[in-house]
Amino acid sequence: MLDERELRAGAKIIRDGGTVAFRTETVYGLGADATSEDAVRKIFNAKGRPTVNPLIVHFASLESLFEFFPDIDTLTRKVIKSAKSALTVIIPRPNKIPAIVSGGLDTVAVRVPECSFARRFIKACGVPLAAPSANTSTRPSPTRWQDVFDDLNGRIGAIFKGPQTRIGVESTVVRINEGTIDVLRLGGCNTEKLSKMTGLKVSVASNKEHTKSSPGTAFKHYAPNCDFLLVRYTDDMTQRINDLVKGKKAVVLCIQQNKSNYPNARVISLGSTAKQIAKNLFVSIREGEKYGDIIICESFPDTSEFETVNERVRRASSGKVI
Ligand code: TXA
Ligand code: MG
């Protein structure tokens, strides 16, 4: 365990080819030197991650990103610059990024975190950091250092003990295609906002396209150690959840306003706004699995601000939606 003031100790582990978990504005990442095949392999091993699932490469600043990839085209640069936080952009992969980082693809995902601690840490390392979310593969992403510890203790070099992450869901992954922004993974950067900020059309790929162009979206994700059932957003949602909890050791995840509607279950409130729900979602799934045999989760309104949390709970349910 490292205190966040021990930047140099963490950087030394990275430079010696090891792995270090650190916070970003979205979730905790498990970093390793993105230019070293051996270091990056340790990430896949620690997480039990399929090697065809590519990683995101993190930079300390826009300047260092553009210096490392001088060939990025003007439009892509503009998109990268437009979002302050939670945005990952796919670009062509030069040879100095080893193929293992990209799961063998000829592209690479890049991102500059907004979180100042993440930036300072990457800068201290002196190399870009390949970093997936710092959870065991298939588990909910970690938003607290304790979640990283629960999943990966003993399998990685170090964990920086920082505060809970601000946004709580991962970055939005996009690709620029003929002047349009294709969203390959919904995330912390809302698509409506992205369109406003860039002045470009934003299109969200269908599930099938996702799987083809962003391999990670094909795998099981965000799954707790207990059953997880998602309940559709309908007028009688509350009633249906109360029927479902009967006779079960159930935990209900719901919006704050509905907290008192489920007298026969343990209730965890996710908050009352889309932002609060995003921040609390993965923590609540990890808390829920500790005392429930089943987590029953509300769906959220079908609007742009809830697009990411709706997608995450759908994936956590592995298709068990009623
Ligand atoms: O917020 C985040 O993005 C966090 C923090 C640590 O930065 N990282 C993260 O990484 O969520 P990970 O590995 O859990 O998810 C990376 C996603 C996967 O869905 C993967 O398929 C996609 O990015 N991806 C990475 N490289 C890609 C590429 N070259 N082409 C298409 N998709 C790619
Ligand atoms: Mg992940």
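Contact means heavy atoms within 4.5 Å. Axes are lines fitted to C-alpha atoms, for helices over the stretch in contact, with angles from 0 to 180 degrees between N-to-C directions. Helices (H or I, at least four residues) and strands (E, at least two) are DSSP runs, numbered from the N terminus. The model is predicted: local features need pLDDT of at least 70, side-chain atom pairs count only at pLDDT 80 or more, and totals for chains, interfaces and linings use all residues. Residues are numbered from 1 along each chain as its sequence is written, and side-chain values use heavy atoms, without hydrogens and water.

**Exercise 1.** State the strand order of the open sheet and find its edges.

Step 1. Two strands pair if DSSP finds at least two bridges between them. Eleven strands form the sheet, with mixed pairing, in the order E1-E8-E2-E3-E7-E4-E6-E5-E9-E10-E11.
Step 2. E1 (2–3) and E11 are the edges; each has a single partner strand, so one side of each lacks a neighbour in the sheet.

**Exercise 2.** Describe how E10 connects to E11 and where H7 lies.

Step 1. E10 (residues 180–185) and E11 (residues 201–204) pair in the parallel sense over four bridges; Thr180 has Lys201 as its bridge partner in E11.
Step 2. With H7 (residues 191–198), E10 and E11 make a right-handed β-α-β unit (with the strands pointing away from the viewer, the path from the first strand over the helix to the second runs clockwise).
Step 3. H7 lies across E5 (87–92), E9 (172–177), E10 and E11, at about 155° to E11.

**Exercise 3.** Locate Tyr222 and give its phi.

Step 1. Tyr222 is in the loop between H8 (207–213) and E12 (227–231).
Step 2. Its phi is near 60°, a positive value in a residue other than glycine.

Note on methods
Chains lettered and ligands numbered in written order.
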